[in-house]
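Please keep the sequence and the 3D view at hand while reading.

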Amino acid sequence: MQKIQDAIRNIPDFPKAGIQFKDISPLLKNPLLLNKAVELLVDPFRSKKISAVAGMEARGFIFGSLAAAKLDAGFIPLRKPGKLPYKVNSSSYELEYGSASLEIHSDALSSGDRVLIVDDLIATGGTALASCELVSGLQAEVVACAFLIELDGLGGREKLRDYPVHSIIHY
Ligand code: AMP
(Lines give C-alpha, C1' and ligand atoms only; values in the text may rest on other atoms or scores of the structure.)
Protein backbone atom coordinates (compact mmCIF):
# COMPACT_ATOMS: atom_id res chain seq x y z
CA MET A 1 0.00 0.00 0.00
CA GLN A 2 2.81 2.41 0.89
CA LYS A 3 4.52 1.64 -2.42
CA ILE A 4 1.31 2.43 -4.32
CA GLN A 5 0.99 5.70 -2.44
CA ASP A 6 4.64 6.54 -3.16
CA ALA A 7 3.93 6.06 -6.89
CA ILE A 8 1.29 8.82 -6.88
CA ARG A 9 2.96 12.15 -7.55
CA ASN A 10 1.67 15.39 -6.10
CA ILE A 11 1.73 18.33 -8.55
CA PRO A 12 1.03 21.64 -6.79
CA ASP A 13 -1.05 24.29 -8.58
CA PHE A 14 -2.11 22.08 -11.53
CA PRO A 15 -4.25 22.69 -13.57
CA LYS A 16 -4.70 25.93 -11.61
CA ALA A 17 -3.47 27.64 -8.45
CA GLY A 18 -4.51 25.93 -5.22
CA ILE A 19 -5.17 22.44 -6.69
CA GLN A 20 -2.87 19.60 -5.60
CA PHE A 21 -3.10 17.35 -8.64
CA LYS A 22 -2.62 13.63 -7.96
CA ASP A 23 -0.59 12.36 -10.92
CA ILE A 24 -0.97 8.59 -11.36
CA SER A 25 1.51 8.30 -14.26
CA PRO A 26 4.33 6.81 -12.13
CA LEU A 27 1.90 4.14 -10.88
CA LEU A 28 0.63 3.34 -14.39
CA LYS A 29 4.13 2.63 -15.72
CA ASN A 30 4.98 0.18 -12.92
CA PRO A 31 3.58 -3.27 -13.89
CA LEU A 32 3.61 -4.83 -10.41
CA LEU A 33 2.16 -1.81 -8.62
CA LEU A 34 -0.49 -1.23 -11.29
CA ASN A 35 -1.65 -4.82 -11.04
CA LYS A 36 -1.70 -4.67 -7.24
CA ALA A 37 -3.67 -1.42 -7.25
CA VAL A 38 -6.34 -2.92 -9.52
CA GLU A 39 -6.52 -6.06 -7.34
CA LEU A 40 -7.16 -3.89 -4.28
CA LEU A 41 -9.77 -1.92 -6.22
CA VAL A 42 -11.83 -4.99 -7.21
CA ASP A 43 -11.24 -7.36 -4.26
CA PRO A 44 -14.45 -6.45 -2.34
CA PHE A 45 -16.54 -7.06 -5.47
CA ARG A 46 -15.28 -10.45 -6.70
CA SER A 47 -18.36 -12.30 -5.45
CA LYS A 48 -20.85 -9.52 -6.21
CA LYS A 49 -21.83 -10.72 -9.69
CA ILE A 50 -20.79 -7.46 -11.37
CA SER A 51 -21.97 -7.55 -14.98
CA ALA A 52 -20.46 -4.23 -16.05
CA VAL A 53 -17.92 -1.66 -14.91
CA ALA A 54 -18.70 1.95 -15.86
CA GLY A 55 -15.73 4.33 -16.03
CA MET A 56 -15.60 8.09 -16.52
CA GLU A 57 -13.53 9.80 -19.20
CA ALA A 58 -10.59 9.82 -19.10
CA ARG A 59 -8.72 8.21 -16.20
CA GLY A 60 -11.77 6.13 -15.24
CA PHE A 61 -11.29 4.38 -18.59
CA ILE A 62 -7.88 3.10 -17.49
CA PHE A 63 -8.80 1.70 -14.08
CA GLY A 64 -12.33 0.78 -15.17
CA SER A 65 -11.15 -1.37 -18.08
CA LEU A 66 -8.54 -3.13 -15.97
CA ALA A 67 -11.13 -3.72 -13.24
CA ALA A 68 -13.65 -5.06 -15.78
CA ALA A 69 -11.10 -7.59 -17.06
CA LYS A 70 -10.41 -8.83 -13.51
CA LEU A 71 -14.13 -9.15 -12.75
CA ASP A 72 -15.00 -10.82 -16.07
CA ALA A 73 -17.38 -7.91 -16.64
CA GLY A 74 -18.03 -5.63 -19.59
CA PHE A 75 -16.89 -2.00 -19.71
CA ILE A 76 -19.21 0.98 -20.27
CA PRO A 77 -17.59 4.34 -21.11
CA LEU A 78 -19.15 7.47 -19.58
CA ARG A 79 -18.03 10.27 -21.88
CA LYS A 80 -17.84 14.01 -22.15
CA PRO A 81 -20.62 15.54 -24.30
CA GLY A 82 -20.57 14.94 -28.04
CA LYS A 83 -18.18 11.96 -28.03
CA LEU A 84 -20.56 9.00 -28.11
CA PRO A 85 -21.91 8.29 -31.60
CA TYR A 86 -25.26 6.63 -30.83
CA LYS A 87 -28.31 7.82 -28.81
CA VAL A 88 -27.27 9.13 -25.39
CA ASN A 89 -28.61 9.99 -21.95
CA SER A 90 -26.91 12.94 -20.17
CA SER A 91 -26.37 13.98 -16.57
CA SER A 92 -25.06 17.39 -15.50
CA TYR A 93 -23.19 18.29 -12.34
CA GLU A 94 -21.70 21.37 -10.72
CA LEU A 95 -18.02 22.22 -10.85
CA GLU A 96 -16.28 24.88 -8.78
CA TYR A 97 -17.03 27.30 -11.63
CA GLY A 98 -19.92 26.37 -13.92
CA SER A 99 -21.08 22.87 -14.73
CA ALA A 100 -20.15 19.79 -16.73
CA SER A 101 -21.95 16.74 -18.03
CA LEU A 102 -21.37 13.10 -18.83
CA GLU A 103 -23.15 10.90 -21.34
CA ILE A 104 -23.91 7.19 -21.67
CA HIS A 105 -25.25 5.29 -24.67
CA SER A 106 -28.94 4.77 -24.01
CA ASP A 107 -28.66 1.04 -24.78
CA ALA A 108 -25.48 0.49 -22.71
CA LEU A 109 -27.22 -1.08 -19.70
CA SER A 110 -30.64 -2.37 -18.68
CA SER A 111 -32.47 -3.78 -15.67
CA GLY A 112 -30.66 -6.81 -14.32
CA ASP A 113 -27.22 -5.25 -14.87
CA ARG A 114 -25.13 -4.98 -11.70
CA VAL A 115 -22.68 -2.13 -12.14
CA LEU A 116 -19.46 -1.08 -10.44
CA ILE A 117 -18.55 2.57 -11.09
CA VAL A 118 -14.79 3.20 -11.22
CA ASP A 119 -12.70 6.36 -11.36
CA ASP A 120 -9.14 7.20 -10.36
CA LEU A 121 -10.13 9.79 -7.74
CA ILE A 122 -13.12 11.16 -5.84
CA ALA A 123 -13.01 14.77 -4.65
CA THR A 124 -16.42 16.49 -4.26
CA GLY A 125 -18.25 13.47 -5.70
CA GLY A 126 -20.08 15.41 -8.42
CA THR A 127 -18.63 13.32 -11.24
CA ALA A 128 -19.42 10.06 -9.47
CA LEU A 129 -22.97 11.07 -8.54
CA ALA A 130 -23.70 12.04 -12.16
CA SER A 131 -22.34 8.62 -13.17
CA CYS A 132 -24.62 6.85 -10.66
CA GLU A 133 -27.57 8.78 -12.11
CA LEU A 134 -26.69 7.72 -15.66
CA VAL A 135 -26.50 4.06 -14.63
CA SER A 136 -29.71 4.15 -12.54
CA GLY A 137 -31.45 6.04 -15.34
CA LEU A 138 -31.09 2.91 -17.51
CA GLN A 139 -32.69 0.82 -14.70
CA ALA A 140 -29.36 -0.88 -13.88
CA GLU A 141 -28.23 -1.33 -10.28
CA VAL A 142 -25.24 0.61 -8.92
CA VAL A 143 -23.61 -2.02 -6.69
CA ALA A 144 -20.85 0.35 -5.52
CA CYS A 145 -18.39 3.07 -6.53
CA ALA A 146 -14.66 2.32 -6.34
CA PHE A 147 -11.78 4.79 -6.46
CA LEU A 148 -8.04 4.49 -6.26
CA ILE A 149 -7.80 7.80 -4.36
CA GLU A 150 -10.24 9.62 -2.06
CA LEU A 151 -9.61 13.22 -1.05
CA ASP A 152 -11.15 13.23 2.42
CA GLY A 153 -13.06 16.23 3.68
CA LEU A 154 -14.46 17.41 0.33
CA GLY A 155 -17.86 15.80 0.85
CA GLY A 156 -17.61 13.14 -1.87
CA ARG A 157 -18.55 10.21 0.36
CA GLU A 158 -21.52 12.13 1.78
CA LYS A 159 -22.71 13.00 -1.71
CA LEU A 160 -22.68 9.27 -2.57
CA ARG A 161 -24.45 8.34 0.67
CA ASP A 162 -26.96 6.14 -1.18
CA TYR A 163 -24.17 3.89 -2.53
CA PRO A 164 -21.32 1.86 -1.02
CA VAL A 165 -17.98 3.66 -1.58
CA HIS A 166 -14.63 1.84 -1.68
CA SER A 167 -11.33 3.68 -1.94
CA ILE A 168 -7.79 2.47 -1.47
CA ILE A 169 -5.74 5.57 -0.65
CA HIS A 170 -6.89 8.56 1.37
CA TYR A 171 -5.38 12.05 1.47
P1 AMP B 1 -15.16 15.41 -8.24
O2 AMP B 1 -16.30 15.41 -9.22
O3 AMP B 1 -15.00 16.73 -7.53
O4 AMP B 1 -15.26 14.25 -7.26
O5 AMP B 1 -13.81 15.23 -9.07
C6 AMP B 1 -13.41 13.97 -9.50
C7 AMP B 1 -12.90 13.99 -10.91
O8 AMP B 1 -11.99 15.06 -11.12
C9 AMP B 1 -12.15 12.72 -11.21
O10 AMP B 1 -12.45 12.29 -12.52
C11 AMP B 1 -10.68 13.09 -11.04
O12 AMP B 1 -9.90 12.44 -12.01
C13 AMP B 1 -10.64 14.60 -11.18
N14 AMP B 1 -9.92 15.26 -10.07
C15 AMP B 1 -10.47 16.09 -9.14
N16 AMP B 1 -9.56 16.53 -8.28
C17 AMP B 1 -8.37 16.00 -8.66
C18 AMP B 1 -7.03 16.06 -8.14
N19 AMP B 1 -6.71 16.79 -7.06
N20 AMP B 1 -6.07 15.34 -8.78
C21 AMP B 1 -6.37 14.60 -9.87
N22 AMP B 1 -7.61 14.50 -10.39
C23 AMP B 1 -8.61 15.19 -9.81
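In this predicted model, aspartate 119 has phenylalanine 147 of strand β8 as its bridge partner. Strand β7 (residues 114–122) and strand β8 (residues 141–150) pair in the parallel sense over eight bridges, and the chain gets from β7 to β8 through helix α5 (residues 126–137) in a right-handed β-α-β crossover.

**Strand β7 and its other partner**

- Seven of the nine residues of β7 are buried, so this strand is largely enclosed by the rest of the structure.
- Strand β3 (residues 52–56) also runs parallel to β7, and four bridges join β3 to β7.
- Two pairs of facing residues illustrate this contact between the strands: valine 53 stands opposite leucine 116 in β7, and glycine 55 stands opposite valine 118 in β7.

**The sheet as a whole**

- Five strands, in the order β4-β3-β7-β8-β9, make up an open sheet with parallel pairing.
- The edges are formed by β4 and β9 (165–170), each of which pairs on one side only, while the twist from one strand to the next averages 20°.

**Helices on the sheet**

- Helix α3 (residues 31–42) packs on the sheet, where it touches β7, β8 and β9, and its direction makes about 145° with that of β9.
- Helix α5, which also provides the crossover from β7 to β8, lies across β3, β4, β7 and β8 and runs at about 160° to β8.

**Aromatic rings**

- A pair of aromatic rings is described by the distance of the centres and the angle of the planes.
- The count of aromatic pairs comes to two, and one of them joins phenylalanine 14 and phenylalanine 21 edge-to-face, at 5.2 Å centre to centre and with 80° between the planes.
- Phenylalanine 14 is partly exposed, at a relative accessible area of 43%, and phenylalanine 21 also counts as partly exposed, at 21% relative accessibility.
- The rings of phenylalanine 61 and phenylalanine 75 have centres 5.9 Å apart and planes at 85°, so this pair is edge-to-face.
- Because phenylalanine 61 lies in helix α4 (residues 59–70) and phenylalanine 75 in strand β4 (residues 74–78), the pair ties together parts that are 14 residues apart in sequence.
- Phenylalanine 61 is partly exposed at 22% relative accessibility, and phenylalanine 75 is partly exposed with a relative accessible area of 26%.

**A charge over a ring**

- The charged end of lysine 22 sits over the ring of tyrosine 171, at 4.0 Å from the centre of that ring.

Key
Residues numbered from 1 in each chain as written. Predicted model: local features only at pLDDT ≥ 70, side-chain atom pairs only at ≥ 80, totals over all residues. Heavy atoms only, no water. Buried < 20%, exposed > 50% of the residue type's maximum accessible area, 1.4 Å probe, protein only. Pairing = 2+ DSSP bridges. Right-handed = clockwise from strand over helix to strand, strands pointing away. Phe/Tyr/Trp six-rings, centres within 6.5 Å; stacked < 30°, edge-to-face > 60°. Lys NZ or Arg CZ within 6 Å of the ring centre and 35° of its normal. Axes fitted to C-alpha atoms, helices over the stretch in contact; angles between N-to-C directions. Contact = heavy atoms within 4.5 Å.
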